[in-house]
Amino acid sequence: MIRSFNGFVTAMRTHTVIPHPGRDAERFTDATPFLPMVGLIIAVILYAVFRLCGLIFPTHAALSAILLLTVHVMITGALHVDGLADVCDAFGGGKTRERVLEILRDSRHGTFGVCAIVISSGFKLILYCQSFAVHSFVPLMLAIVLSRSSMALFLAFIPYAGRKNGTASGFAGSSWIIPMIATVFCVLPFVFFIPTKTFLAMNLTAIFAALTFAKVCMHKLGGING
């Protein structure tokens, strides 16, 4: 029980900046099953911000979208924004496995990374604006949960490639059974709140995206890197 709680603490502290009491897990693998739950927590917080912005700025969807994106980045500590930039820099500029790993270890961002951040933020703002226009944020909540769920399964299935003390080295190779159960538990309830076709399309898109990225990682690195 304590081990499970510590895993949740580590998952929260790794993927959010939300203060959480407790001790970190001794192994990062203990945190993997809780990634879908962390995604659900982030989604619920952003839903509350979405509703609040809708009440305060009912006719200013663009402003509300910018505020929502700001909160999203702040909650996650820009972890995934930084990761996206690193991956695009490495895969865009690295021609060999050694060069890709070298770029991934570099904390600076290059042209590919900056472009990825701008394009990704632009797409998010468009989606947020559309959500305010139709007064519904639930599909994007599912997307947030799916992204963390995909990450949990990705870490369980794909081998680690890189430094032994890298971030992902403690996650890679973990059991896939518990993350799969956690994913079903956190994702399935959304079928009651969004159309079935939309639910299935989003899940299939997440699976396709994860498999495609896994193939790229295996081709470039032979695994994943933190």
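1. In this predicted model, the contacts of H80, leaving aside residues up to four places away in sequence, are with H15, R148 and M151. With R148 there is also a polar contact between the two side chains, at 3.3 Å.

2. H80 belongs to helix α4, which covers residues 79-93. H80 and L40 are separated by 40 residues in sequence and by 16 Å in space, C-alpha to C-alpha.

3. Helix α9 comprises 25 residues and spans 36 Å from its first C-alpha to its last, close to the 36 Å expected at 1.5 Å a residue. Just after α9, G222 adopts a positive phi of about 80°.

4. The buried residues in α9 include F199, M202, N203, A206, A214 and C217. The elements that cover the buried residues of this helix include α4, α7 (138-157) and α8 (177-187).

5. A nonpolar patch on the surface is formed by L200, L204, I207 and L211, whose accessible area together is about 430 Å². L204 lies in helix α9 (residues 196-220). With a relative accessible area of 59%, L204 is exposed, because the value is over 50%.

6. On spacing, a general point applies: an α-helix has 3.6 residues a turn, so residues three or four places apart point the same way.

Note on methods: Residues numbered from 1 in each chain as written. Predicted model: local features only at pLDDT ≥ 70, side-chain atom pairs only at ≥ 80, totals over all residues. Heavy atoms only, no water. Helix = DSSP H or I, 4+ residues; strand = E, 2+ residues; numbered from the N terminus. Contact = heavy atoms within 4.5 Å. Polar contact = N/O pair within 3.5 Å; in protein donor to acceptor, adjacent residues only side chain to side chain. Patch = residues over 30% accessible without salt bridge, like charges linked within 9 Å, V, L, I, M, F, W, Y side chains within 5 Å. Areas by Shrake-Rupley, 256 points an atom, 1.4 Å probe, with all protein chains shown as cover. Salt bridge = Lys/Arg side-chain N within 4 Å of Asp/Glu carboxyl O. Buried < 20%, exposed > 50% of the residue type's maximum accessible area, 1.4 Å probe, protein only. Expected span 1.5 Å × (residues − 1).
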